[in-house]
Amino acid sequence: MNDVIIESSELRKILAEKPDSIVLLDVREPEEFEEDRLEGCKLIPLGELSARARELDPESDIVIYCAHGVRSMHALMGLRSLGFSKLRSLEGGLCAYRENA
């Protein structure tokens, strides 16, 4: 299961060196998104993900995040069932990412 997890430190490195190499997908609610988000991310709330999955490129390397890492894992499993394979979930979500700054 570790191949589907990305730690904050690894994501920071990617964003610093090759930000265009990944798609950041925020699966939180719009209110949460307005309060804080990672620059350059795409918002698709978890409840809308299956209906809006076509907005994502199945060939892209997608890093999914939410507040604490639970919804992003649900999103990862849902997208995987739709044929996406290059998916990772941010461990601990945005909260852990901000705490480990």
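## A walk through the sheet and its neighbours

Helices (H or I, at least four residues) and strands (E, at least two) are DSSP runs, numbered from the N terminus. This is a predicted model, in which local features need pLDDT of at least 70 and side-chain atom pairs count only at pLDDT 80 or more, while totals for chains, interfaces and linings use all residues. Residues are numbered from 1 along each chain as its sequence is written, and side-chain values use heavy atoms, with hydrogens and water left out.

Is Asp-26 buried or exposed? Asp-26 counts as buried because its relative accessibility is 0%; buried means under 20% relative accessible area, exposed over 50%, and partly exposed in between (1.4 Å probe, protein chains only). The side chain of Asp-26 makes a polar contact of 2.7 Å with the side chain of Arg-28. A polar contact is a pair of N or O atoms within 3.5 Å; within protein, one must be able to donate a hydrogen and the other to accept it, and residues adjacent in sequence count only if both atoms are side-chain atoms. Leaving out residues up to four places away in sequence, Asp-26 also touches several others, among them Phe-33, Arg-37 and Pro-45 (contact means heavy atoms within 4.5 Å).

Now zoom out to the sheet. Strands of a sheet pair through backbone hydrogen bonds, either parallel or antiparallel. Here, five strands form an open sheet in the order E1-E5-E4-E2-E3, with parallel pairing. Strand E1 (5-6) and strand E3 (42-43) stand at the edges with a single partner strand each, so one side of each has no neighbour in the sheet. Two strands pair if DSSP finds at least two bridges between them. Strand E2 (residues 23-26) runs parallel to strand E4 (residues 62-65), and four bridges join them. Val-23 stands opposite Ile-62 in E4, and the bridge partner of Asp-26 in E4 is Tyr-65. E2 also pairs with E3 in the parallel sense, over two bridges, and there Asp-26 stands opposite Leu-43.

What lies across the sheet strands E1, E2, E4 and E5? Helix H4 (residues 70-81) does, running at about 170 degrees to strand E5 (87-90); axes are lines fitted to C-alpha atoms, for helices over the stretch in contact, and angles run from 0 to 180 degrees between N-to-C directions. Ser-72 belongs to helix H4 and counts as buried, because its relative accessibility is 0%. A polar atom of the Ser-72 side chain lies 3.3 Å from the backbone oxygen of Gly-69. Not counting residues up to four places away in sequence, Ser-72 touches residues including Ile-64, Tyr-65 and Ser-89.

Next, visit the loop between helix H3 (49-52) and E4, where Leu-56 is found. Leu-56 is buried, with a relative accessible area of 7%. Its contacts beyond four places in sequence include Leu-25, Ile-62 and Leu-79.

Finally, look for charges over rings. A charge sits over a ring if NZ of Lys or CZ of Arg is within 6 Å of the ring centre and within 35 degrees of the ring normal. The charged end of Arg-12 sits over the ring of Tyr-97, 3.9 Å from its centre. Likewise, the charged end of Arg-37 sits over the ring of Phe-33, 4.4 Å from its centre.
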